[in-house]
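Hi,

Here is the model I promised to pass on.

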Amino acid sequence: MAISLSVVLLLGIVLVVMIRSGSIKTGPAVVAALFGFFLAPTGMGPSINRFMNSIIESVGQINF
C-alpha cells in the first residue's frame with residue numbers, strides 16, 4: 001500500500017508539472033488518468049501492479 005501510494009503521488013506530481021510546463025495539455029492528461037483508472041480493475045491491472053512492484057524491489061536492492 002505504501003509503495004502504491006508513493007507511485008501515485010509521484011505520478012501525480014509529474015502530471016501536474018507536465019501540465020504546467022505545457023508539455024501535455026489538460027485534455028490528454030484527463031484521458032490518460034481515466035484510462036489508468038478504468039484499466040486497474042481489468043485483468044491487466046494485477047499484472048501491471050506486480051510488474052511495478054518487481055521494478056521497485058529491484059531498484060531498492062541496488063547498493064550505492
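**Starting from Met-52**

Met-52 sits in helix α3, which covers residues 44–60 (helices are DSSP runs of H or I with at least four residues, strands are runs of E with at least two, and numbering starts at the N terminus). Before going on: this is a predicted model, where local features need pLDDT of at least 70 and side-chain atom pairs count only at pLDDT 80 or more, while totals for chains, interfaces and linings use all residues. Residues are numbered from 1 along each chain as its sequence is written, and side-chain values use heavy atoms, with hydrogens and water left out.

Met-52 is partly exposed, at a relative accessible area of 34% (buried is under 20%, exposed is over 50%, partly exposed is in between, with a 1.4 Å probe and protein chains only).

Areas are Shrake-Rupley values with a 1.4 Å probe, and for residues only the protein chains shown count as cover.

**The whole chain**

The protein chain has three helices and zero strands, in the order α-α-α. Its radius of gyration is 14 Å, well over the 11 Å from the globule rule for 64 residues, so the chain is more spread out than a compact globule (taken over C-alpha atoms; the rule is 2.2 Å times the number of residues to the power 0.38). The C-alpha trace spans about 35 × 35 × 15 Å along its principal axes. Buried residues account for 6% of the 64. The accessible surface of the chain is about 5400 Å², with 75% of that belonging to carbon and sulfur atoms.

Cheers
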